[in-house]
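Let's walk through this model together, one question at a time. Have the viewer ready and follow along.

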Amino acid sequence: MNARANKNHLTSIEPAYYEAVTEAIRKEAVKILKEETVVGVVGYLPGRRKGTATPALVTSVEEAEKLIFSPACVNNLSVYLTKAKKGVLKQGKVGIVAKGCDMRALAGLMTESQLQREDLFIIGVVCPGVYGFGVERTGTLTEANIARKCRECTVHMPEGADVAAGTHAELADLTPEEAEEMARIEAMPQAERWAFWKEHFSRCIRCMACRQVCPFCYCEQCLCDKNRPQAVESSPRPAGNMAWHLVRAMHLAGRCGGCAECERVCPMDIPLNLLNRRMAKELKELYDFEAGLAPVEKGPLNQYKEDDDQSFIK
Amino acid sequence: MQIITEQNLRNLIDLLVKEAKLVVGPKLSGSVVLYEPLTAGTELTLDALPRRSSKELFFPVCEDILSYKREGGAMKVTDVDRSKFPETVLIGAPPCDAGSPSILDAVMSWDYKDEFYLERRRKSTIVGIACTKGDDACFCRAVGLSPDAENGSDLFLTPLKDGSYACNAVTEKGQALVAAHKNLFAEGAGAEPVPFVDQAVQKLDLVKIKKWLEEHFEDPLWERIADICVGCGACAFICPACHCFDINDEGSTDDGVRRKHWDACGFAKFTNHASGHNPRDVQNKRYRNRIMHKFKYYDDKFGKTLCTGCGRCIRACPVGIDIAEILETINAKQD
Ligand code: SF4
Ligand code: SF4
Ligand code: SF4
Ligand code: SF4
Ligand code: SF4
Ligand code: SF4
């Protein structure tokens with residue numbers, strides 16, 4: 001129903017839409033498992049609490065029949081294809097449920113030779129949005145409970161998936177809260193901006209959840225864990241926190257796909273995606289590059305060109 | 001029954017601040033409520049469970065334990081003067097927070113006496129408050145507490161329907177606090193208490209769970225959870241009962257500070273030895289430790305469960321790992 005309604009007038013996405021996507025995902029997952037196209041499928045299962053979901057690695061048809069898609073399916077599952085999770089599923093082609101924003105991470109991981117397209121079967125989700133944090137989980141997605149990143153989503157339609165689940169549906173007239181917040185911060189005098197971030201970073205407890213969920217933080221040895229000698233103070237104090245956040249922002253520049261997972265999982269509500277977006281903006285301005293749109297040979301920070309902009313070297 | 005009005009509770013905070021006590025309570029910090037020093041009674045925020053637990057009052061996120069400086073040929077080491085730790089009053093902790101120090105005291109005063117923790121404990125008074133606003137992550141009843149459990153509180157407040165609080169001075173510290181501010185408390189019958197919220201998980205057989213854990217050090221369950229767990233510190237850091245810490249020397253070899261800060265068994269390097277060997281080399285061994293420590297090891301050693309059922313780890317886990325669900329699963333097992 002909703003999918004057919006004029007998108008300019010959609011004020012809610014009803015559970016029926018998510019149920020239809022769920023059906024499509026189940027059908028596809030069961031099929032590729034039965035046909036042994038894949039050894040397993042990374043998807044979502046319902047959580048114990050109402051309106052929650054949890055990532056799952058399913059390897060049997062019975063489990064695949066329980067997969068869901070709902071506004072609670074917030075995780076970027078591509079993290080389960082890299083780092084410590086590499087090899088969690090036995091060798092072979094893997095199916096993965098991916099929203100548009102997750103697809104950007106997959107493309108980025110292909111660019112960085114962490115993944116090969118032919119090893120994946122991508123069940124793309126035509127995604128109207130997911131819940132933000134601390135909102136009412138009613139099953140219906142509205143302006144009141146949609147995640148901040150989804151308000152400005154440009155990838156509702158997943159490009160380059162093997163199959164797509166769902167038909168186009170999106171909420172109308174969403175205010176771009178994050179872009180407005182970016183503009184507000186950029187307009188601040190430098191001292192005020194510094195104070196803004198200092199205040200936020202002072203709450204950081206270095207739980208590293210932001211790093212652990214990021215598909216691109218896949219270093220075997222994170223600089224910030226080094227202690228012989230210590231590179232960045234690992235104690236949660238102003239100096240180390242600032243250093244950690246600079247390192248994180250810099251290391252993700254030109255790579256971050258904008259899934260905003262780091263910000264979502266931060267138990268201290270630190271608006272990390274503002275930093276990610278700022279770095280993305282720099283990359284766009286300096287190199288006309290946007291990470292994760294499609295796999296490329298090399299990202300701009302991994303190569304040198306004679307005509308690279310050097311104005312930032314002072 | 002002793003009653004304190006909401007206004008007088010806030011006045012009490014003002015008075016304690018004037019007495020140069022460190023008064024800590026739930027307070028809005030940015031968009032999150034945290035336990036923070038209160039400068040006035042008006043700052044007390046009782047409508048949300050603070051994002052981090054009140055353990056940090058005794059066991060801070062990070063603290064200096066000594067400093068060192070090379071002077072000529074010798075290294076001068078300066079200890080932290082713990083006598084300077086302030087007299088502290090914690091106000092507004094629900095049972096799942098107020099109850100945690102009484103669990104942690106056991107390990108902190110065991111074979112090694114953690115004087116940093118113990119000194120702060122000696123100097124603190126805990127004003128707990130009955131909880132009326134749990135959600136579907138709470139399961140304090142299932143681990144032996146309840147929304148009106150007085151465990152760990154020196155003075156315990158029960159919210160009444162007319163906005164005031166019934167007070168029970170549980171310990172001498174609590175009695176002393178009331179005696180010193182008598183005029184703020186009144187004798188009275190008191191209105192009806194505000195009702196508690198029902199919890200989804202109410203009953204767990206902790207003895208049975210422990211027995212299962214004893215027999216299932218190796219079990220596919222651990223792998224199933226670990227397949228999903230991304231190995232962060234969120235669950236341990238915000239937990240009122242987790243108490244692991246790391247020690248780092250920061251600064252230079254000539255001049256620096258030794259610091260103690262929170263650690264978590266979810267981290268890949270949690271038990272990494274200097275040799276490079278790691279006995280908990282994969283995530284399932286690390287997650288297993290989380291459950292074992294809370295529901296078996298701690299009980300073996302100290303006869304207590306290392307969990308107050310606050311539900312924080314459930315709300316915060318990036319991947320939705322739900323400890324109450326895991327306990328229910330174990331509880332339901334037949335083998
Ligand atoms: S998730 Fe938040 S609190 Fe944890 S390390 Fe990252 S920024 Fe800090
Ligand atoms: S830095 Fe954050 S937004 Fe960017 S890819 Fe990593 S988790 Fe996603
Ligand atoms: S284990 Fe979870 S529920 Fe139990 S006390 Fe810790 S944070 Fe709370
Ligand atoms: S459960 Fe883990 S982090 Fe918590 S106290 Fe035990 S070992 Fe430490
Ligand atoms: S666990 Fe939940 S219900 Fe129990 S005291 Fe804590 S917040 Fe209240
Ligand atoms: S918070 Fe969740 S993902 Fe992080 S270590 Fe704990 S259980 Fe694992």
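Q: Before we zoom in, is the radius of gyration of chain A in agreement or disagreement with that of a compact globule, and what is its value?
A: Keep in mind that this is a predicted model. A compact globule with 314 residues would have a radius of gyration near 20 Å. Chain A agrees with that rule, because its own value is 20 Å.

Q: What percentage of contacts in chain A between residues at least 6 apart in sequence join residues at least 24 apart?
A: Chain A has 10 helices and 7 strands, and its C-alpha trace spans about 55 × 45 × 40 Å along the principal axes. Of its 314 residues, 53% count as buried. For the contacts in question, the share joining residues at least 24 apart is 73%.

Q: In the hairpin of β2(A) and β3(A), which residue takes a positive phi?
A: Here β2(A) meets β3(A), residues 53-58, in the antiparallel sense over 6 bridges, and A:Y44 has A:P55 as its bridge partner. The hairpin has 6 residues between the strands. The residue with a positive phi, near 70 degrees, is A:G51.

Q: Is B:C313 buried or exposed?
A: B:C313 sits in helix α10 of chain B. Leaving out residues up to four places away in sequence, B:C313 touches B:C235, B:I238, B:R290, B:I321 and B:I323. Its relative accessible area is 12%, and the cut-off is under 20%, so B:C313 is buried.

Q: How far apart in space are B:C313 and B:R120, C-alpha to C-alpha?
A: In sequence, B:C313 and B:R120 are 193 residues apart. In space, their C-alpha atoms are separated by 25 Å.

Q: The side chain of B:S53 reaches the backbone nitrogen of which residue?
A: B:S53 lies in the loop between β3 (32-37) and β4 (62-71) of chain B, and B:S53 is buried, with a relative accessible area of 2%. Beyond four places in sequence, B:S53 touches B:Y35, B:D97, B:I238, B:C239, B:P240 and B:R312. At 3.1 Å, the side chain of B:S53 reaches the backbone nitrogen of B:K55.

Q: How many nonpolar residues does the shell around ligand 5 have?
A: Around ligand 5 you will find B:P95, B:C96, B:C131, B:G134, B:C138, B:C140, B:Q199, B:G309 and B:C310. The shell has no charged residues and 3 polar ones. The count of nonpolar residues is 6.

Note on methods: Residues are numbered from 1 along each chain as its sequence is written. Chains are lettered from A and ligands numbered from 1 in the order in which they are written. This is a predicted model: local features need pLDDT of at least 70, side-chain atom pairs count only at pLDDT 80 or more; totals for chains, interfaces and linings use all residues. Side-chain values use heavy atoms; hydrogens and water are left out. A residue is near a molecule or strand if one of its heavy atoms lies within 4 Å of it. Ala, Val, Leu, Ile, Met, Phe, Trp, Tyr, Cys and Pro count as nonpolar, Asp, Glu, Lys and Arg as charged, and the others, Gly among them, as polar. Two strands pair if DSSP finds at least two bridges between them. Helices (H or I, at least four residues) and strands (E, at least two) are DSSP runs, numbered from the N terminus. Buried means under 20% relative accessible area, exposed over 50%, partly exposed in between (1.4 Å probe, protein chains only). Contact means heavy atoms within 4.5 Å. A polar contact is a pair of N or O atoms within 3.5 Å; within protein, one must be able to donate a hydrogen and the other to accept it, and residues adjacent in sequence count only if both atoms are side-chain atoms. The radius of gyration is taken over C-alpha atoms; the globule rule is 2.2 Å times the number of residues to the power 0.38.
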